[in-house]
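Please open the structure in a viewer and keep its sequence alongside.

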Amino acid sequence: MLILVGVGALCYKIKLISKEGNASLTNLVLYVVNPLVIVVSYQQDFSYHLLKGLGIAFALSIVGFGAFSIFAHLFIRGDSSDSVAERLNSTYSNCGFMGIPLALALFGSEGVFYVTAVNTAFNIIVWTFGIFSVTKDKSYMSIKKIVTNPTIIATVVGFLLFLCRIELPSIIYTPCDYISSTVTPLAMIVAGVTIAQNNILKAFLKPRIYLVCALKLLIVPLILAFLFALIPDINNTSVTTALMCLSCPSATVATMLSVKFNKSASYSAQMFGITTILSVISLPVVIGAYTFLNSIF
């Protein structure tokens with residue numbers, strides 16, 4: 001995946017993919033590829049084991065995002081634009097854009113199945129509490145944003161197909177499966193292009209950015225790994241998927257909200273870039289820690 005990110009960065013540097021072209025690729029991933037990955041992931045035999053795992057992933061995600069928010073507000077004070085951007089990037093994970101390809105690579109369709117629960121929790125929190133934490137204005141809180149989100153729509157459609165035991169005909173399923181298989185390279189290339197648009201070397205010289213990285217990538221994820229390992233008799237794939245998604249680098253939506261509400265957008269993009277690069281190291285550490293702790297408890 002890091003190599004794919006490098007390919008994206010190179011494509012931007014040699015002007016093969018422009019900023020506008022990257023925006024189009026982003027829309028393709030968000031509005032076409034990711035939703036199809038979700039629908040395809042629900043095309044499996046109904047079982048209460050999977051249904052229980054879905055509920056577990058959702059509950060743990062609510063707890064996880066709550067923990068990130070608490071730590072972000074404890075360690076990052078003030079109402080300056082930089083502070084708001086830092087809290088956004090410390091709290092919200094790139095659980096859809098990176099979580100889906102990671103889960104697909106590690107656990108196949110079952111992993112993506114559980115990612116949908118994390119994304120549902122993510123969208124509910126971002127478009128309610130997340131918006132309010134930036135604006136302090138309840139009028140910006142949008143139920144419409146939640147119910148019209150392509151990820152939520154795909155989750156509802158896929159879940160209904162799963163519950164009703166409806167199997168898509170091959171003439172529909174096959175092209176959906178083909179398109180969904182492109183999620184990993186496309187998502188990582190887009191991330192690479194996004195990173196290449198910012199002065200990452202300059203960002204590495206900002207001391208406060210390491211506080212964000214520590215909170216987002218290590219401190220809170222390791223605390224969650226310890227807490228999740230204490231839960232007895234639980235669906236391990238569901239828990240690992242939820243933890244992985246929560247431990248992903250800063251969300252692209254953090255930069256989008258920074259742009260929309262004029263909260264240090266350039267700095268926010270730099271935090272996205274740095275956390276994405278460092279997550280190559282932090283994600284294996286967090287998942288390894290959970291695996292070790294789970295074997296003990």
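Which residues is F107 in contact with, leaving aside its neighbours within four places in sequence? Select F107 together with T237, T240 and T241, the residues with which F107 is in contact once those neighbours are left aside; contact means heavy atoms within 4.5 Å. The model is a predicted one, in which local features need pLDDT of at least 70 and side-chain atom pairs count only at pLDDT 80 or more, while totals for chains, interfaces and linings use all residues. Residues are numbered from 1 along each chain as its sequence is written, and side-chain values use heavy atoms, with hydrogens and water left out.

F107 has its place in helix α5; helices (H or I, at least four residues) and strands (E, at least two) are DSSP runs, numbered from the N terminus. F107 counts as partly exposed because its relative accessibility is 29%; on this scale buried means under 20% relative accessible area, exposed over 50%, and partly exposed in between (1.4 Å probe, protein chains only). Then select T135: F107 and T135 are 28 residues apart in sequence, and their C-alpha atoms are 38 Å apart in space.

Next, select E110, which is found in helix α6. E110 is partly exposed, at a relative accessible area of 22%. Its contacts, apart from neighbours within four places in sequence, are Q44, H49, L50, N235 and T237. The side chains of E110 and Y114 make a polar contact at 3.0 Å; a polar contact is a pair of N or O atoms within 3.5 Å, where within protein one must be able to donate a hydrogen and the other to accept it, and residues adjacent in sequence count only if both atoms are side-chain atoms. L2 lies 108 residues from E110 along the chain, with 24 Å between the C-alpha atoms.

Stay in helix α6 and move to N119. Is N119 buried or exposed? N119 counts as buried because its relative accessible area is 4%. Residues up to four places away in sequence not counted, N119 touches C95, G96, I100, T151 and I152.

**The pockets**

The next stops concern empty space. Rolling a probe the size of a water molecule over the atoms shows where such space is left. On a 1 Å grid over the protein atoms alone, a cavity is a set of points where a 1.4 Å probe fits but cannot get out, and a pocket is an open set with protein on both sides within 12 Å along at least five of seven lines; lining residues have an atom within 4 Å of a point. Grid points are joined across faces, edges and corners, and a volume is the space filled by probe spheres set on the points.

Select T26, L30, T252, V253 and M256, which lie nearest the centre of the largest pocket among its 44 lining residues. This pocket holds about 1200 Å³ of space. Helix α2 (19-41) supplies the largest share of the lining, eight residues. The lining has 23 nonpolar, 18 polar and three charged residues; Ala, Val, Leu, Ile, Met, Phe, Trp, Tyr, Cys and Pro count as nonpolar, Asp, Glu, Lys and Arg as charged, and the others, Gly among them, as polar.

The second largest pocket contains about 340 Å³ of space. Select L102, S279, V280, L283 and P284, the closest to its centre of the 21 residues that line it. Helix α15 gives the most to this lining, with ten residues. By class, the lining divides into 15 nonpolar, six polar and no charged residues.

**The cavity**

Among the residues that line it are S69, H73, R87, Y92 and F129. Helix α4 (81-91) gives the most, with four residues.

**The cysteines**

How many disulfides does the count come to? The count is zero, a disulfide being a pair of cysteine sulfur atoms within 2.5 Å. C164 is exposed, at 51% relative accessible area. C213 is in no disulfide either, the nearest cysteine sulfur, that of C248, being 14 Å away. C213 counts as buried, at 6% relative accessibility.
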